[in-house]
2 protein chains.
Amino acid sequence: MPKEARPSTGEQAKQHAFAQLRQAILHGEMAPAQRLVENELAEQFGVTRASIRAALIDLEGQGLVERIRNRGSRVRVVTVEEAVAITECRMVLEGLCAAKAATLASDEQLAELTELGTAMTKAVADGEPVTYSELNQELHTKVREFSGQRTAVDLLERLNAQLVRHRFQLALRPGRPQHSLNEHLAMIETIRSRDPQAAEKAVRAHLAGVIEALRD
Amino acid sequence: MPKEARPSTGEQAKQHAFAQLRQAILHGEMAPAQRLVENELAEQFGVTRASIRAALIDLEGQGLVERIRNRGSRVRVVTVEEAVAITECRMVLEGLCAAKAATLASDEQLAELTELGTAMTKAVADGEPVTYSELNQELHTKVREFSGQRTAVDLLERLNAQLVRHRFQLALRPGRPQHSLNEHLAMIETIRSRDPQAAEKAVRAHLAGVIEALRD
DNA sequence: GCGGACAAAATTGTTGACAATCTTGTTTGG
DNA sequence: CCAAACAAGATTGTCAACAATTTTGTCCGC
């Protein structure tokens, strides 16, 4: 019973509302600190308030919205200090994933990383920051995936969701791609040579650079 | 308007149900994989189903219960492999906290750690594993607290909640306290000497030991 | 003009009933 | 005796109405 491809109705209202709201927040369609009134959202998404309510509780658990008793829900704003703290956590967790990936990844998977590396180099050479940002994202995702560490992956996805706004700002900064490219290539190289400690170190160095860039 | 001390009603039903359910699960009053029927819980706690429902969604977000569409909720069982994966994440995150604590903690806070160390030594000498386990818990909590890393602390609390059952088993193992005491004292010492890198290393060594003990 | 009490509006929290879905036990045809 | 279809029961998902709370705007006394 493959029941895909019908996002409008019959998919289970709460899940629908949840996914839609989450996407809206992640895509920046909801302004930071914007009020999220349950009635409005219910009407907007064509579901009942109960579903919206459940979705909001879920999103609160993921740290994407803030809920105050009898006062409503708002899109959570992530301050720069918080973004730094989050990235520090990413640093150690992705370091763990990289170390595991260095020992667990298959040869085909290592080849994928190599391929990504050349693509990223090309994107920088061609001066396409958007493409580079996407490849960047893909690289981090693959490393996590290859680590086989589901717990860490879950935590990282939660953390990353909170950073969308800041990530966007960072990606379009002039000179930034060139600077981070070397760090990324180092990550790939250490994983390819199956050196867990070096891989962890490389990832940390990279994210330490991101933290530095965040502060300004 | 301090409205404490009335857990029966009027406190906000959902919060009450949430706290109570969480406590019940954490204290092991709910058997692993036990079915959690919304109606039963609602009657048991004297709240309506909607409140139980909201609480269950929250608990799902914290990884304490599993919810399947139209099939109900159950207490999530953490396999040994998962416990290992979780502890690996704890390892890197607590390492981060220890490093930060080493640079940020005040002198009074360092004194608290020293005090805890002597208390733990005494508990082991007196052969009181339960006391030792509590002090152990307190030590980890304090280190996290002193780090000032709210994001990491949140993640760690979530992870620790999932480990209660395994932790309990581990604490009562003969010979284990003696073994871990040295690791704990090393943690305290490195933080006291304000050496972030050594502190991180000590925490990792300790939790690596825990992981080893988990596997059997 | 200013501050506090008061009332009205808006919004969230709660409740009970109904619908949809899944599980389980039974029956029927082979 | 077994398998598939069916029916009954249990459980979760959804809904609309009601209650409680907070916010906002207004009015009165000073």
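1. A salt bridge is taken here as a side-chain nitrogen of Lys or Arg within 4 Å of a carboxyl oxygen of Asp or Glu. The model is a predicted one, and by this rule the count comes to 32 salt bridges over all chains.

2. The side chains of A:E60 and A:R67 form one such salt bridge, with an N to O distance of 3.6 Å; A:E60 is partly exposed at a relative accessible area of 27%, and A:R67 is partly exposed at 23%.

3. A:R74 and A:E66 also meet through their side chains in a salt bridge, at 3.5 Å from N to O, where A:R74 is partly exposed with a relative accessible area of 36% and A:E66 is partly exposed with 33%.

4. In the salt bridge between A:E38 and A:R53 the closest N and O atoms are 3.5 Å apart. Because A:E38 lies in helix 2 (residues 38–45) of chain A and A:R53 in helix 3 (residues 49–61) of chain A, the pair ties together parts that are 15 residues apart in sequence. A:E38 counts as buried at 15% relative accessibility, whereas A:R53, at 37%, is partly exposed.

5. Helix 4 (residues 80–104) of chain A spans 35 Å from its first C-alpha to its last, close to the 36 Å expected, and 20 of its 25 residues are buried, so helix 4 of chain A is largely enclosed by the rest of the structure.

6. A network of salt bridges links A:E200, A:R204, B:E200 and B:R204.

Key: Residues are numbered from 1 along each chain as its sequence is written. Chains are lettered from A and ligands numbered from 1 in the order in which they are written. This is a predicted model: local features need pLDDT of at least 70, side-chain atom pairs count only at pLDDT 80 or more; totals for chains, interfaces and linings use all residues. Side-chain values use heavy atoms; hydrogens and water are left out. Helices (H or I, at least four residues) and strands (E, at least two) are DSSP runs, numbered from the N terminus. The expected span of a helix is 1.5 Å times one less than its number of residues. Buried means under 20% relative accessible area, exposed over 50%, partly exposed in between (1.4 Å probe, protein chains only).
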